[in-house]
Amino acid sequence: MAVPKRKTSQANTRTRRSAWKAKAPDLVPIIVDGERMLVPRRLVGHFRRFGR
């Protein structure tokens, strides 16, 4: 496992952590059992296969 050569300062650590942002998944409209639903793109196959 890699080991850092020197300690990272608090300022650098906090800057790196604050720069990371989670983004909302893109929602795709699909029709399941005659009902229009917005689901994440990666789950479309699941909804098509198993319904609700």
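β1 and β2 form a hairpin with two residues between them, and Asp 33 in the turn has a positive phi of about 55°. This is a predicted model, in which local features need pLDDT of at least 70 and side-chain atom pairs count only at pLDDT 80 or more, while totals for chains, interfaces and linings use all residues. Residues are numbered from 1 along each chain as its sequence is written, and side-chain values use heavy atoms, with hydrogens and water left out.

**Fold and pairing**

- The protein chain has two helices and two strands, taken as DSSP runs numbered from the N terminus (helices H or I, at least four residues; strands E, at least two).
- From the N terminus on, the order of these elements is α-β-β-α.
- Strand β1 (residues 27–32) pairs with β2 in the antiparallel sense over six bridges, where pairing requires that DSSP finds at least two bridges between two strands.

**Overall dimensions**

- Taken along the principal axes, the C-alpha atoms of the protein chain fill a box of roughly 60 × 25 × 10 Å.

**Exposure and separation**

- Of the 52 residues, 19% count as buried (buried is under 20% relative accessible area, exposed over 50%, partly exposed in between, with a 1.4 Å probe and protein chains only).
- Arg 6, in the segment before α1 (10–19), counts as exposed because its relative accessibility is 68%, and its C-alpha atom is separated from that of Val 28 by 46 Å.
- Leu 43, in the loop between β2 (35–40) and α2 (44–50), is partly exposed at 30%.
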